[in-house]
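Student: Could you take me through the features of a model, giving the general idea of each before the particular case?

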Amino acid sequence: MKGLRLAAVAIVVGLTLGLATPASAAGKESFGFNAPEISGFPGGRSVALTGGGAYILPDFVHAGGSFSCLSDISAGLFSGCLQGQGVRWDTSVVLPSTSFICTRAATETLKAAETGDKTVVLLADFYRQGDGNDESFTAQMIVSETDLDPVADGIQNVWIQQVGCGTAIVNFN
């Protein structure tokens, strides 16, 4: 019993003095979002995406959600995804940064995004019903609390590689 009291006193003293263990010193960043339409690339590519998760650079991520193709996609990384297909997505890797474009327009300049406390860059796997645990598509994606392309009209705070940009409700911790 005396050992338990000493352990309890040590915990209270540690909390009172603000001491932290190495495990509690490195906090995870977390995010959640809902993007009803991501589009912009030629050919009418359009995807809905929702989800969230947690990450720590350089190598921890646990995130996922749902996705659906809103149109038949016949080119790019999502080629073969038909309207209404798509079930879920999950992450392979958190990336430190990436470059991206929203539309492939001749006048569009290449932009950059970096993972931080209000933006996350991910390599994600996307799954269709019937493909089981075998990913149907793999692509980079960005979720940001801020506008990824302040020059363009509106707010673009979510991006999928070779699909385009969209406006999402986004929350980071």
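Tutor: What follows goes through confidence, cores, disulfides, salt bridges and backbone details in turn.

Student: What should I know about the origin of the coordinates and the numbering?

Tutor: This is a predicted model, in which local features need pLDDT of at least 70 and side-chain atom pairs count only at pLDDT 80 or more, while totals for chains, interfaces and linings use all residues. Residues are numbered from 1 along each chain as its sequence is written, and side-chain values use heavy atoms, with hydrogens and water left out.

Student: What is the average pLDDT of the chain, and where does pLDDT stay under 50?

Tutor: pLDDT is the predictor's confidence in each residue, from 0 to 100. Here the chain averages 86, and 85% of the residues score at least 70. Over residues 1–25, however, pLDDT stays under 50, and for this stretch the model has one contact (heavy atoms within 4.5 Å) beyond four places in sequence.

Student: Which residues of the largest nonpolar core touch the most other members?

Tutor: In soluble globular proteins, nonpolar side chains tend to be buried together. A nonpolar core is a set of buried Ala, Val, Leu, Ile, Met, Phe, Trp, Tyr and Cys residues joined through side-chain atoms within 4.5 Å, where buried means under 20% relative accessible area, exposed over 50%, and partly exposed in between (1.4 Å probe, protein chains only). The largest core has 30 residues, and the members touching the most others are Phe33, Phe67, Trp89, Phe126 and Met141. Among the strands that each supply at least two residues of this core are strand 1 (29–40), strand 4 (88–95) and strand 8 (137–144); strands (E, at least two residues) are DSSP runs numbered from the N terminus, as are helices (H or I, at least four). A second, separate core has nine residues, including Phe100, Cys102, Ala113 and Cys165.

Student: Which residues does Phe33 contact outside its sequence neighbourhood?

Tutor: Leaving aside neighbours within four places in sequence, Phe33 is in contact with residues including Leu49, Trp89, Met141, Val143, Val158 and Ile169.

Student: How many disulfides are there, and which parts of the chain do they tie together?

Tutor: A disulfide is a pair of cysteine sulfur atoms within 2.5 Å, and by this rule there are two. One joins Cys69 to Cys81, with an S to S distance of 1.9 Å, and with 110 degrees about the S-S bond this link is right-handed. Cys69 lies in strand 3 and Cys81 in the loop between strand 3 and strand 4, so the pair ties together parts 12 residues apart in sequence. Both Cys69 and Cys81 are buried. The sulfur atoms of Cys102 and Cys165 are likewise 1.9 Å apart in a disulfide, although this link, with -70 degrees about the S-S bond, is left-handed. Cys102 lies in the loop between strand 5 and strand 6 and Cys165 in strand 10, so this pair ties together parts 63 residues apart in sequence. Both Cys102 and Cys165 are buried.

Student: Which residues are linked in a network of salt bridges?

Tutor: Side chains of opposite charge can pair when their charged atoms come close. A salt bridge is counted when a side-chain nitrogen of Lys or Arg is within 4 Å of a carboxyl oxygen of Asp or Glu, and a search of the whole structure finds four. Glu108, Lys111 and Asp149 are linked in a network: the closest N and O atoms are 2.8 Å apart between Glu108 and Lys111, and 3.7 Å apart between Lys111 and Asp149. The latter pair links distant parts of the chain, with Lys111 in strand 6 (residues 111–114) and Asp149 in the loop between strand 8 and strand 9, 38 residues apart.

Student: Which peptide bond is cis, and where is phi positive in a residue other than glycine?

Tutor: The peptide bond from Leu57 to Pro58 is cis, with omega near 15 degrees, and Pro58 is found in the loop between strand 2 and strand 3. Phi of Arg104 is positive, near 65 degrees, and Arg104 is exposed, with a relative accessible area of 53%. Gln162, also not a glycine, has a positive phi of about 60 degrees.
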